[in-house]
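This report describes one protein model, beginning with a single residue and ending with the overall fold.

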Amino acid sequence: TDPAATLAELRRIYFKTTKKTIDHDFAHAISLLKTIESEDDRQKASVFMEGINELRKEWSPKPPRKKR
């Protein structure tokens, strides 16, 4: 697999993901990340992965808080 193409796809996912597609996009990004062999390329991918994960956290339903 071409690492540059994989990084480009991760970048595309990051900028195009929506609240409706985040779960699928996150899973797709993980599978892409697993194909990257070079440590340098993994470092570059980590920026997009962190961003996608932050979006996933923001858009995930929050569990109801318990009242005391």
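## A buried threonine and an aromatic cluster

Thr-6 is buried, because its relative accessible area is 4% (buried means under 20% relative accessible area, exposed over 50% and partly exposed in between, with a 1.4 Å probe and protein chains only). The residue belongs to helix 1, which covers residues 3-16; helices (H or I, at least four residues) and strands (E, at least two) are DSSP runs, numbered from the N terminus. When neighbours within four places in sequence are left aside, Thr-6 touches Thr-1, Leu-32, Thr-35 and Ile-36, a contact being heavy atoms within 4.5 Å.

The model is predicted: local features need pLDDT of at least 70, side-chain atom pairs count only at pLDDT 80 or more, and totals for chains, interfaces and linings use all residues. Residues are numbered from 1 along each chain as its sequence is written, and side-chain values use heavy atoms, with hydrogens and water left out.

Rings of Phe, Tyr and Trp (its six-membered ring) pair if their centres lie within 6.5 Å; planes under 30 degrees apart count as stacked, over 60 as edge-to-face and the rest as tilted. The count by this rule is two aromatic pairs, listed below.

| Pair | Centre to centre | Angle between planes | Type |
|---|---|---|---|
| Tyr-14 and Phe-15 | 4.9 Å | 75° | edge-to-face |
| Tyr-14 and Phe-48 | 6.4 Å | 50° | tilted |

Tyr-14 lies in helix 1 and Phe-48 in helix 3 (residues 39-59), so their pair ties together parts that are 34 residues apart in sequence. Tyr-14, Phe-15 and Phe-48 form one aromatic cluster.

## The whole protein

The protein has three helices and zero strands, in the order α-α-α along the sequence. Its radius of gyration is 14 Å, well over the 11 Å that the globule rule gives for 68 residues, so the protein is more spread out than a compact globule. The radius is taken over C-alpha atoms, and the rule is 2.2 Å times the number of residues to the power 0.38. Along the principal axes, the C-alpha atoms fill a box of roughly 50 × 20 × 15 Å. Of the 68 residues, 29% are buried.
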